[in-house]
Amino acid sequence: MKIKLKDGTEFKVTSVKKTLDHSAYFNSKLNQTSIIMNVSENGGITMDQLKEILTPENVSEVTFVREIGNISDNFVRFARISQNIDDFGDQIVIVLSKDEYKAIPEGYGAEE
């Protein structure tokens, strides 16, 4: 499978996982998609390079290119990029979000 960003940039991906969760802590619904990709299958791309590519504009239109049919989706921002490093090959996990960033309310959880 591949993903294609709004500007035409494509990446080969291993898997995609969608998450929908309600969080009372942030008083919002979490709507995110995790994308796992092998670094070696994407020209040795780094997390810093991805940070530059995954602009809000570029993730506003993402197409998941599959043999059984494409799926298009819209995101607001990338929420997180992490890297798994092991003997079998490095993987990068990109988390795209449909939600605006919301800071924790001031004083929330503070001891009284």
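**A walk through the chain, ending at valine 93**

Of the 112 residues in the protein chain, 28% count as buried. Keep in mind that this is a predicted model. The protein chain exposes about 7500 Å², and carbon and sulfur atoms supply 49% of that area.

Now for the layout. The protein chain has one helix and eight strands, and from the N terminus on they run β-β-β-β-α-β-β-β-β. As for how the sequence folds back on itself, take the contacts between residues at least 6 apart in sequence: 52% of them join residues at least 24 apart.

Let's zoom in on one residue, valine 93. You'll find valine 93 in strand β8, which covers residues 91–97. Is valine 93 buried or exposed? Its relative accessibility is 14%, so valine 93 counts as buried, because the cut-off for buried is under 20%. And what does valine 93 touch, once you leave out residues up to four places away in sequence? Its contacts are Ser34, Ile35 and Ile36, along with Arg80, Ile81, Ser82 and Asn84.

Last stop, the rings. A pair of aromatic rings is described by the distance of the centres and the angle of the planes. With ring centres required to lie within 6.5 Å, the count comes to zero aromatic pairs. There is a charge over a ring, though: lysine 98 lies over the face of phenylalanine 75, at 5.8 Å from the ring centre.

Methods: Residues are numbered from 1 along each chain as its sequence is written. This is a predicted model: local features need pLDDT of at least 70, side-chain atom pairs count only at pLDDT 80 or more; totals for chains, interfaces and linings use all residues. Side-chain values use heavy atoms; hydrogens and water are left out. Helices (H or I, at least four residues) and strands (E, at least two) are DSSP runs, numbered from the N terminus. Buried means under 20% relative accessible area, exposed over 50%, partly exposed in between (1.4 Å probe, protein chains only). Contact means heavy atoms within 4.5 Å. Accessible areas come from the Shrake-Rupley method with a 1.4 Å probe; for residues, only the protein chains shown count as cover. Rings of Phe, Tyr and Trp (its six-membered ring) pair if their centres lie within 6.5 Å; planes under 30 degrees apart count as stacked, over 60 as edge-to-face and the rest as tilted. A charge sits over a ring if NZ of Lys or CZ of Arg is within 6 Å of the ring centre and within 35 degrees of the ring normal.
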